Amino acid sequence: MQPLLTSKTFGFTPKGEEIHLFTLSIPNQIEISVMNYGATWTHLLIPDRNGKMEDVVLGFDTLEGYLQKDYQDHYCYIGSTVGRIAGRITGNQFHLDGKTYELPANLDGIHLHGGMEGWDRKVWKTEPFETQNSVGVTFYYQSQDGEENYPGTIDIWVTYTLDETGRMEISYQASSDKKTILNPTNHAYFNLTGDFSKTIEEHGFFVDAENYLPMNKNSLPTGEIANVGGTPFDFRNLKTIQEPIQREHPQLQIAEGIDHCFVLKQPEDCAVLYDPESGRKLTLSTTEPGIQVYTGNYLGNNFKGKNGVTYGKRTAICLETQHFPDSCNQPDFPSILLMPEEIFESRTQFVFTAE
Ligand code: BGC
C-alpha cells in the first residue's frame, strides 16, 4: 500500500526556530515520526501479534521534553542523529596530517557523540518527498569547519524513507571541503513491549557477529578484535538478553551491561530484536561494518519521557550501526576518513514483523 506523509508543527526552539514533525505511515501497519531538531526519530508505532499498535521507541510527547535541562544534561541522545563521530575518542583527540585536534569533553571528561552541541542539538533543514512507492523526509545540515574543533565543512543529508512494504530506511550522504573524519549513527532506543515501565531484558537478540570489540575501563576499544565464543557477547543464535547480561564477566562490569561494538559478518538481516510477549520483531540490515549495542545501562530515572514515564536502567536498547568507535585512533580499524572529493554514504534498513 502506498504510504502516507503528513506534517505538523511540533514546537519552537528558544531561538524561535520552528520544529516540524513528519509522520510516515501505512494504516494498521506502521507509523514513524521524525523531526528536524536533531534529525530525530521520535515515534514508531507497530502492531503486536494481535494487531495492537503501540509506540516502541523512547522519546517525549512534546518538543519541550527534548529541550528540558534534566534530559540535555545527561547526553542520552534519544532517537537522535549522532555526529560527527559516534562514541568516545581516546584522550579527546586525534591526529590528521601532522596536526592534533583537541575535542571538547561533554560528559564526565569525555568527548562523546560529537561533543557539547552535536548534530542531535542542531535544527536541520527539511525536505519531505513522495515517490510512486515510498514517502520520506531528508534532513540537511551544514556543519562548519571548526565545529566542536573538527576540521572541514561537512554537508550532511539524513533521509528517513518508508516504502510500500512497510520497510524503513535511514540513509546518510555527506561531503566535506577538507580531509576530515566522519562516523554518524542513529541513536533510537527500542523497547518492543510498548510499555516503557518494563525493561528489555526478556527481549531476544541476535547479531551476526563472530567478533566484538573489548573495551578498556574508559569504555574505549582496546584495539583487540575478540571472538565472541564462550563470552556473554555470543548472540549468533537468537537468545534472551537477560541471562548473558547477568554473568560475571569483566567486560560487562565496565559499563554495567552491554555497551560494545559487534563486528558484523555481512550486511543482510544482521541483527534481530524480538519481544516474545508481544511477538514484535525488528530485523536490521546495514552497509556499516559494526553495531554498537547499548543496553540502556546509564538511563537513570533522571527525566520523564512519553506519558510521564521515567526511563530507567535497561528500559530500552540501542542498535547503533556505524564504523567502529575510536577509529580515528585505531589504525587497524576500517577507516573513517572523508576526503574532499568523496561522497560518504551509509544505509540501514529496518523491517518490523509480528509473530
Ligand atoms: C554509548 C554509551 C552512552 C550512550 C548514551 C551509547 O551509544 O555507547 O556509552 O552512555 O550512548 O549517551
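Colleague: How much space lies in the second largest pocket, and how should I read that value?

Modeller: Rolling a probe the size of a water molecule over the atoms shows where empty space is left. On a 1 Å grid over the protein atoms alone, a pocket is an open set of points with protein on both sides within 12 Å along at least five of seven lines, while a cavity is a set where a 1.4 Å probe fits but cannot get out; lining residues have an atom within 4 Å of a point. Points are joined across faces, edges and corners, and a volume is the space filled by probe spheres set on them. Here, the second largest pocket holds about 280 Å³. Bear in mind that this is a predicted model, where local features need pLDDT of at least 70 and side-chain atom pairs count only at pLDDT 80 or more, though totals for chains, interfaces and linings use all residues. Residues are numbered from 1 along each chain as its sequence is written, and side-chain values use heavy atoms, with hydrogens and water left out.

Colleague: Which residues line the second largest pocket, and what classes do they fall into?

Modeller: For classes, Ala, Val, Leu, Ile, Met, Phe, Trp, Tyr, Cys and Pro count as nonpolar, Asp, Glu, Lys and Arg as charged, and the others, Gly among them, as polar. The lining includes T13, P14, K15, E17, Y37 and R121. By class it has five charged, four nonpolar and two polar residues.

Colleague: And the largest pocket: what is its volume, and which residues lie nearest its centre?

Modeller: Its volume is about 540 Å³. Of its 25 lining residues, R88, L107, L112, D259 and Y298 lie nearest the centre. The lining splits into eleven nonpolar, eight polar and six charged residues. Strands are DSSP runs (E, at least two residues), numbered from the N terminus; β23 (290-294) and β24 each supply at least two residues of this lining.

Colleague: Where does the ligand sit?

Modeller: A molecule sits in a pocket if more than half of its atoms lie within 2 Å of the pocket's grid points. By that test, the ligand sits in the largest pocket. Its surroundings (residues with a heavy atom within 4 Å) include R88, L112, H113, D259, Y298 and E320. The whole shell has six nonpolar, three polar and three charged residues.

Colleague: How many cavities of 30 Å³ or more does a search find?

Modeller: Two, over the whole structure. The largest has about 80 Å³, and its lining includes Y37, Q72, Y77 and R121. Y37, Q72 and R121 also belong to the lining of the second largest pocket, while Y77 is also among the residues around the ligand. The second largest cavity has about 60 Å³. β24 (317-322) gives the most to its lining, with three residues.

Conventions: Helices (H or I, at least four residues) and strands (E, at least two) are DSSP runs, numbered from the N terminus.
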